[in-house]
Amino acid sequence: MNAVAAAAPVQPSEARVARRETVAALLRSKTFIAGNLIVGFWVFWAIVGAHLTPHDPLAQTSSVLARPFGHYWLGTDSLGRDVLSRVLAGATSIMKIAPLATLLGVAGGTVVGLVTGYFRGFVDDALGRVIDAILALPLIVIAVTAIVSIGASNATLIVVIGAVFTPLVARTVRAAVLAERDLDYVPAARLRGERAPYIMFVEILPNVLGPIIVEGTVRLGYAIFAVAGLTFLGFGIQPPSPDWSLQIAENYALLAGGSYWWTVLFPGLAVASLVIGVNLVADGLTQVVER
Amino acid sequence: MGRFLLKRLGLALITLVLLSMIVFSLAQLLPGNVGRNILGPFASQQQVDQTNHELGVDRPIVVQYGRWVSHLLHGNLGNSLEYQGSSVAGLLGPSLVNSLKLAALAFLICVPLSILGGIAAALRQGRVTDRSITIGGLSLTAVPEFVTAIVLIVIFGVVFKLLPTTAQAPPGSSFLVQIKYLLLPALALTAVLFGYIARIARAGVIEALDADYTRTAYLKGLDTRTVMFRHVLRNALLPTIAVVATQTGYLIGGLVVIEKLFNYPGIGQRIYIAAQNKDFTMLESGVLVIGIVYLVATLVADTLYSLLNPRIRYGAAE
């Protein structure tokens, strides 16, 4: 009798169980947890920004280039601005631009990948060649060329990075779709008389979400990498934002004098911790999804 | 093998044509009138029209593309808009050589180091060595080059004062002094590649260690050394070699940032300056040269791979 009761309809669906197992595996992954803690820290500071910092990140004072571990914990820069406040508030711009660019690239890449993977044929081949051509150029070079042509702004940055990511994401999605399209449920849906868009977005898409999420996290790491590099070169986020890469660009010339390392080292460590955090999350996700 | 390489060569040529189209159309996005940009706001409309006609920019796009390509094929990259009268080829050539020096040093440090790292990680799979090489490499790969470079400058240039903080040695310096100046930028570039190459090498070694042929080699009584060198590493490092070349693109992207940071006159610095000054003939050619370098590197890797891999050497795989 008990066995019958246990098999009653209250039994959670198979998908639910699978999802719960995935979450449990993620919570067991030390890399995933550590990554999330780091990223969470920066998300917090990106949201509260200058409201909670010990000083105003843009306020200039007369104590120029004060050494760290004194009144100003991390010292001040050449305009007397507090480095600690600037490092904390510096998360805001990049944490807005990089995720938006990633989202754009993942959305575009998912649509293109689904369509090319499902239909294949000429468009598929052509896209493959275009991706090869784009891969022949480093992201930063394409972005610099495009940004010079269109003009630097946050919107340009998001669109350019999103546009370069689209074919790259599309390739991953396409590979996942190719593995799915021959499984029984796809021909079954076709025989049922479902139309192609329905099959692609309602039948196949939920089954390839795992690889898409992993790809999205990996891309987010690259997006931060790209925004940081472009900003350092002067083609990204524009002053007077206390962005990390801008701080480095403004102060690195002081290093040649053999001193004043704190104006660049702390923002550098901030960028490093953020990308490492995102990559730890991506690594944890990859191991669980590809299990 | 011949057929395999011929096919690769064909694909590379198609990619090159597409690449030239992408670069050309990017340059077409430039807002404003070319003649007006050159002559300035005070020139008459007639002069502007005449300049445009002389430059050929008033013709249909397809005709312009054709002219551009035919000039390229004759080795004529045009004149720099910024340095009036200097040919782009004359300016790009020396910069490319400088960049190749830096890139070569980075590769020389990076490839042996990361392959050794990957092998060490694979042999200690799942233990502390493995975790620290994998996570450390992953982190190094993820961090932008200029950030790694800043940390390296602070440590070696500012705190210990061991190495110079700029990359250009004084003119007439000996070979060793030049290398000393290039060491920090090369190390920064190495850091980005290390994690990636080590990861591939690690995966290759783990797969080869699990393979039947390795067990057979052990069972027939060969000592560990012979098994490792003749059976495991030979098979494991094939994919690694193929992957190293695909990283050239990544490396050149890093050059743009690193050369600016260390004020080193390479092709990345050229592209950066051209972009800043909207010198489009220079930018176009610089980007195209980078693409060609990448394609050549990929072809070399394919050739090397097919020479080392008997399955392709004897034409069984194709």
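This is a predicted model: local features need pLDDT of at least 70, side-chain atom pairs count only at pLDDT 80 or more; totals for chains, interfaces and linings use all residues.
Q: What makes chain A a chain of helices or of strands?
A: Since a helix needs at least four residues and a strand at least two, the count for chain A comes to 13 helices and zero strands, and the order of elements from the N terminus accordingly reads α-α-α-α-α-α-α-α-α-α-α-α-α. The C-alpha trace of chain A spans about 75 × 55 × 30 Å along its principal axes.

Q: How do you know which residues take part in the contact between chain A and chain B?
A: Two residues are in contact if their C-beta atoms lie within 7 Å, and by this criterion chain A contributes 39 residues and chain B 42 residues. On the side of chain A that touches chain B, the elements giving two or more residues are helix H6 (121-135), helix H7 (139-150), helix H11 (209-233) and helix H13 (262-289) of chain A. That side of chain A divides into 28 nonpolar, eight polar and three charged residues.

Q: Where in chain B is confidence lowest, and where is it highest?
A: On a scale from 0 to 100, chain B averages a pLDDT of 82, with 93% of the residues scoring at least 70. Confidence in chain B is lowest in helix H14 (residues 310-313) of chain B, at a mean of 69, and highest in helix H9 (residues 212-219) of chain B, at 90. The model as such scores ipTM 0.82 and pTM 0.84.

How values were computed. Residues are numbered from 1 along each chain as its sequence is written. Chains are lettered from A and ligands numbered from 1 in the order in which they are written. Ala, Val, Leu, Ile, Met, Phe, Trp, Tyr, Cys and Pro count as nonpolar, Asp, Glu, Lys and Arg as charged, and the others, Gly among them, as polar. pLDDT is the predictor's confidence in each residue, from 0 to 100.
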